[in-house]
Amino acid sequence: MTTAAHVPSEVESYLARVRAALADIPADERAELLEEVEASLHETASETGGSVAAQLGPPEDFAAELRSAAGLHPSTTSQTAGLRESFDRFTSDPRVAAIGRFLRELAPIWWAARGYIVVAALALAAGASWSTSHGAVPRIWNGKLGAVAILAAVAGSIALGLWSRRTPRARLPVAILNLVLLATVIPVAAHLSHRAEPASATRFVIQTNIIPGLAYNGAPVDNIYPYTRDGRLLHDVLLYTGAGTPLNVSTTVYDPLRRILVTKSGARVYNAFPLRYYEPGTRVVLRPNAGPKVKVPRIATPPLPAQKHRRKAR
Amino acid sequence: MDRSQLLRGTLDAAALAVVAEQDGYGYDVLRRLRAAGLTDVGDASVYGTLRRLYRAGALTSYVEPSDEGPHRRYYGITARGRAQLDEARTAWAEFSQTLSNLLETDVEVTA
């Protein structure tokens, strides 16, 4: 019979269009509904001699009637359908698809990392010790066996990745596994960063002890004695940096004996050198010309012309 | 009024009545409904209704292998289905009586 061979294919194409029209219904409910319809369509086809569409009308109308009678109105599923639709639109965007392809190409990197993470997470959970020379390798009896375990797990993970790519039903369990392993990435990464330096490495601690006041080659300078080229000690020389910052030496602890210059407006001047100190209980500097024992060399370079004193007497 | 519109609200009761009489699969229920006089009942309406009644717990379902073609999913009525059918009977009796009275009065007025 030629019609007998013709019948199933017509039913199947009709059913496919019904299925497409019900795409927004939850998958399990749709499967049961279509199973019911499929059996009935075969009976309809065998009784009417093949033409299902002639008997039942367009599959889209059939689907609409089915949906309405089954109480699966578009509105009841519109929320998930809308989500799915926008998700489909998102994933079918060429740029998103390109990113997806790119990530798929990078997937082997994750597979390798996944193998290591399994071993590291198990070692962490079991409280295993870690190799002292290679901080990333856990000791399973010894460090070498740990390295072997990592290599085996990486190979197994890559094999799993290749297999799941070919096996659609493996995708969901593998996705769940990936999620679980992603959660263990944090403790493993924390352990690795902690172990980044082998225990034997010397730690360099840079101490940034900022010396208050003046310093020379890192050592504090407690006073400055300015001499002229002909060996005279100067008093109350105000020192500034090139940026015009006064080279203040202002101790955090108030020293009542320090002789501090005061301006006419009463402001204190801390950058006057050499610093001088009063005798206790007095306002007298006992030896104002005291200084370090220096022998000022004889200067051959001619002196620069002295600047005219321009400050007007007030 | 279109018979199919009238049918829409009463198909649940009709399908329950057919299944209560004897368990049946989708196409069988459709055929029996048509044989009983509901000739213009839609195929999809019957299948959809059966699925909905099943989901609501008014019907049970079981699969039996068939000599001809794929297996058949049979539907049988549950206690909840019987209660629903009884309710529908009462409601229909009252409703049809009321409507009959109304329509007869209408006929008298226009006559």
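Two residues are in contact when they have heavy atoms within 4.5 Å of each other. Keep that in mind as you work through this predicted model.

**Exercise 1.** Take the contacts in chain A with a separation of 6 or more, and find what share comes from residues 24 or more positions apart.

*Solution.* Start with the parts: chain A has 8 helices and 8 strands. Now turn to those contacts: residues 24 or more positions apart account for 57% of them.

**Exercise 2.** Decide whether Glu29(A) is buried or exposed, and find its partners.

*Solution.* First, locate the residue: Glu29(A) sits in helix α2 of chain A, which covers residues 27–48. Next, check the cut-off: buried means under 20% relative accessible area. Glu29(A) has 11% relative accessibility, so it counts as buried. Last, look for partners, skipping neighbours within four places in sequence: Glu29(A) touches Leu72(A), Arg51(B) and Arg55(B). With Arg55(B), there's a side-chain to side-chain polar contact at 3.1 Å.

**Exercise 3.** Work out how helices α2 and α4 of chain B are oriented to each other, and what kinds of residues make their contact.

*Solution.* Helix α2(B) spans residues 11–21 and α4(B) residues 43–55; their axes are 10 Å apart, at an angle of about 80°. Angles of 65 to 115 degrees count as roughly perpendicular, so α2(B) is roughly perpendicular to α4(B). Now list some residues: α2(B) contributes, among them, Leu11(B) and Asp12(B), while those from α4(B) include Ser45(B) and Arg52(B). Sorting the residues of this contact gives 7 nonpolar, 2 polar and 2 charged.

Key: Residues are numbered from 1 along each chain as its sequence is written. Chains are lettered from A and ligands numbered from 1 in the order in which they are written. This is a predicted model: local features need pLDDT of at least 70, side-chain atom pairs count only at pLDDT 80 or more; totals for chains, interfaces and linings use all residues. Side-chain values use heavy atoms; hydrogens and water are left out. Helices (H or I, at least four residues) and strands (E, at least two) are DSSP runs, numbered from the N terminus. Axes are lines fitted to C-alpha atoms, for helices over the stretch in contact, and angles run from 0 to 180 degrees between N-to-C directions. Angles under 35 degrees count as roughly parallel, over 145 as roughly antiparallel, 65 to 115 as roughly perpendicular and the rest as oblique. Ala, Val, Leu, Ile, Met, Phe, Trp, Tyr, Cys and Pro count as nonpolar, Asp, Glu, Lys and Arg as charged, and the others, Gly among them, as polar. Buried means under 20% relative accessible area, exposed over 50%, partly exposed in between (1.4 Å probe, protein chains only). A polar contact is a pair of N or O atoms within 3.5 Å; within protein, one must be able to donate a hydrogen and the other to accept it, and residues adjacent in sequence count only if both atoms are side-chain atoms.
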